[in-house]
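I am opening my notebook on this structure. I will go chain by chain and then look at where the chains meet.

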Amino acid sequence: MSAAAHGHDRDELVFHQFEDLPQQRESYIVGMWAFLVTEVMFFGGLFLAYMLYRMKYQPYFFEIHKELNIGLGGLNTVVLLFSSFAMAMAVYSHQMKRKGPTLGWLTVVQICAAAFLFIKLVFEWSHKIHVGHVPWAFQWNEPGVPPEIAKLFFSMYFGMTGLHGVHVLIGMIIIGALQYLIWKDAYSVKDYIPTEMIGLYWHFVDIVWIFLFPLFYLMPQ
Amino acid sequence: MSATVVTPGEAVQAPEPESSSVNYLNVSHTLRSWLLTGDHKRIAVLYLISVSFFFFLGSIAASLVRIELMSPNGLMMESETYNKMFSAHGIIMIFFFLIPSIPAIFGNFLIPIMIGARDLAFPRLNLASWYMYMVAGVLVLTSFLMGGVESGWTFYTPYSSLTTSQVTLCLIGLFIMGFSSIATGLNFIVTIHKMRAPGMTWDRLPLFVWAHYATSIIIILGTPVVAITLLLVVMERLFDIGVFNPANGGDPVLFQHMFWFYSHPAVYIMVLPGMGVISEVISNFSQKRTFGYHMIAYSSLAIALLGFLVWGHHMFVAGQSMYQGVVFSLLSFVLAVPSAIKVFNWTATIYKGQVRLQTPMVYALGFLGLFLIGGLTGLYLACLATDVHLTATYFIVAHFHYVMVGGAMVAFLGALHYWWPKMFGRMYPDSWGKMSALLVFVGFNLTFFPQFVMGYMGMPRRYHYYYFAPEFQPYHIASTLGSSVLAVGLILPALYLTWSLKYGKKVGPNPWNARGLEWETASPPIPTNFEEIPIVEREAYDFDHGPIDDTWDEESPVRAHEVKR
């Protein structure tokens with residue numbers, strides 16, 4: 001145990017409300033997990049609504065889901081999974097106190113995140129907006145599927161992937177801030193805990209997509 | 001004990017209450033130092049001011065509703081105005097008074113001190129939660145000024161997604177309010193888990209802290225769900241997404257499920273901290289160890305967990321399946337058990353105690369009676385058959401006011417009077433306190449007991465006119481009369497507490513001869529709460545031995561390891 005535990009010679013990294021570095025680290029990690037619990041419940045409401053409507057309208061939903069591009073969704077899944085690997089490597093590098101690899105792996109995460117959003121927005125969303133699948137200007141000509149059900153499906157699709165996309169974007173912003181701080185050798189990132197916390201967040205964002213992809217793209221008959 | 005650990009004698013030397021000593025209030029005086037503070041005690045004071053302001057607004061709305069109902073044909077409002085008025089009352093009181101009141105003010109102020117920490121784990125998040133609260137308040141008040149909201153505080157779809165009133169802005173405000181609440185809950189969970197002083201085991205944790213731990217669990221599990229639900233209604237209004245719209249294949253009852261999944265546990269967010277307050281007050285003013293400490297602590301957790309399984313009892317007549325209704329009814333009855341455990345334990349604590357009838361204790365005794373009535377009438381509503389008759393009548397209005405006002409608000413006032421000398425270092429006149437506590441009790445009962453009767457006789461809630469049944473008028477007049485007595489009982493504390501800030505008698509660290517770490521530090525506490533982090537060697541309700549000031553003396557014969565359980 002460090003001397004900081006006893007109030008003398010406190011570690012400069014420790015905020016005044018904490019006794020020592022281990023306590024501060026653990027508090028941050030517990031806080032991040034508690035935050036992720038709230039995120040799970042936040043997305044959970046949407047998953048519940050989607051689950052109910054899918055149970056109710058499964059045959060229609062199956063027809064409608066053919067509008068989605070499995071190839072692009074699958075590509076995005078691979079991209080995000082790789083970004084999670086890169087994030088894990090970034091956390092590991094920071095734990096090993098290697099600045100260069102940490103920054104490098106975080107850049108890989110950024111590239112993957114940007115690629116994900118690019119594929120999502122440019123190849124998927126813009127096409128669907130173009131053909132009129134957004135709820136406020138909805139058009140549907142497919143016979144056999146009631147347009148209001150199709151609209152419900154695409155509302156859920158845009159709502160859930162949109163909320164996920166917002167989380168990816170927020171992730172990019174905070175990873176960018178983290179990179180800047182590491183690059184500047186800032187005081188607050190001498191410890192690897194900020195990287196680990198952002199890593200937890202990023203894995204959560206990844207996992208949400210792991211659920212979204214099969215729910216929307218890989219629907220059974 | 002190793003040599004490096006601070007001995008208890010050194011650890012908790014509370015500074016003498018000299019007027020010149022530095023405390024959290026006088027450490028700096030600029031507005032900037034208050035608005036950018038990280039100190040949990042200052043943030044609690046900021047919350048105290050803003051929550052009181054919103055409570056005042058909500059009370060005005062309630063008074064106008066009560067005045068309007070004195071006549072079967074209404075007195076001064078259009079029906080639409082009336083709807084907006086009771087909606088404003090509900091929204092302000094629930095989201096801006098009841099939810100943040102005890103946790104954000106007293107929890108914020110006391111939890112770090114009670115567990116022997118210098119601050120909450122995340123001071124900046126704490127401050128951010130206050131700013132989110134204020135932004136949410138401004139948005140919601142703006143929505144009221146721009147025309148108001150007439151959907152009630154429940155925002156049931158499809159009405160809330162179709163009405164042209166300012167629901168969108170109001171819901172965005174409440175969405176932000178949700179994050180304020182989450183920030184507070186998250187901070188508490190981390191703080192209680194990780195920041196307890198050495199020796200402050202879970203078994204020694206004050207019951208106030210246990211109650212807030214349970215509350216925080218509800219907050220972080222429930223609030224995000226209502227946040228996404230309200231967001232979906234906003235999306236529905238802005239983009240016509242159809243999730244809750246039957247015309248688009250959506251299901252409006254799904255809204256009720258998702259709304260009550262939060263909003264039923266939310267009543268425990270409101271009342272559990274109050275129960276924590278009552279545990280502290282009753283134990284102290286009986287000068288007796290809390291009877292059944294562990295049962296009270298665990299019943300808080302039981303309430304938090306079971307609270308998530310009973311939301312369907314709000315929807316017995318909303319078209320859910322009968323079997324669902326039976327299960328929800330059964331679980332609601334089960335939930336009465338942990339609440340009853342608490343009431344029995346508090347009563348047993350008073351038994352053979354040295355009861356001192358000072359203001360906080362008067363409030364606590366009021367809480368016991370009112371919460372008992374509120375809780376027992378809840379069983380009428382948990383019972384399927386009687387609920388069909390009582391749904392959407394004044395009976396249910398009276399029931400939840402007995403729990404929310406008679407429970408949570410009375411506990412809030414009790415907490416205010418109990419910890420006021422700790423927060424500001426000055427005592428208010430006790431006789432005035434007792435008198436207004438009595439006025440609150442009498443006024444409250446006069447307001448809401450007649451509502452049980454007329455609700456049972458069939459008076460529907462939220463109705464503007466009741467000329468179809470003028471026989472209810474005497475009850476309404478009694479109720480309005482009671483609300484004016486209640487108003488006097490609420491205005492008085494505002495006056496004498498403000499007076500006491502300047503003219504009240506100065507008090508030492510422990511004016512109530514209470515136990516617990518918060519009474520060992522100065523009143524008002526120093527900015528870091530303690531000179532040194534204390535070593536806790538006793539439980540929070542150790543009344544079997546002399547007051548702390550003596551026992552912590554190095555020479556004292558009573559040491560922690562001798563405490564008998």
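I start with a term I need. I call a residue buried if 20 or more other C-beta atoms lie within 10 Å of its own. I also note that this is a predicted model.

**Entry 1: chain A, overall**

I looked up how much of chain A is buried. Of its 221 residues, 37% count as buried. Next I listed the secondary structure. I found five helices and zero strands in chain A. Read from the N terminus, the order is α-α-α-α-α. I then boxed the C-alpha atoms of chain A along the principal axes. The box is roughly 75 × 30 × 30 Å. Last, I checked contacts between residues at least 6 apart in sequence. In chain A, 68% of these join residues at least 24 apart.

**Entry 2: helix H1 of chain A**

I asked myself how far apart the end C-alpha atoms of H1(A) are. They are only 50 Å apart, although H1(A) has 45 residues. A straight helix would reach 66 Å at 1.5 Å a residue. I then went along the helix and looked for a bend. There is a kink of about 95° at Tyr57(A).

**Entry 3: chain B, overall**

I moved on to chain B. I noted 17 helices and two strands there. Of the 565 residues in chain B, 57% are buried. The C-alpha box of chain B, along the principal axes, is roughly 75 × 50 × 45 Å. I also checked the radius of gyration. A compact globule of 565 residues would have a value near 24 Å, and chain B has 24 Å, so the two agree. For contacts in chain B with a separation of 6 or more, residues 24 or more positions apart account for 84%.

**Entry 4: where the chains touch**

**Entry 5: looking back**

Note on methods. Residues numbered from 1 in each chain as written. Chains lettered and ligands numbered in written order. Predicted model: local features only at pLDDT ≥ 70, side-chain atom pairs only at ≥ 80, totals over all residues. Helix = DSSP H or I, 4+ residues; strand = E, 2+ residues; numbered from the N terminus. Expected span 1.5 Å × (residues − 1). Bend = angle between axes of the 7 residues up to and from the residue. Buried ≥ 20, exposed ≤ 12 C-beta atoms within 10 Å, placed from the backbone. Contact = placed C-beta atoms within 7 Å. Rg over C-alpha atoms; globule rule 2.2 N^0.38 Å.
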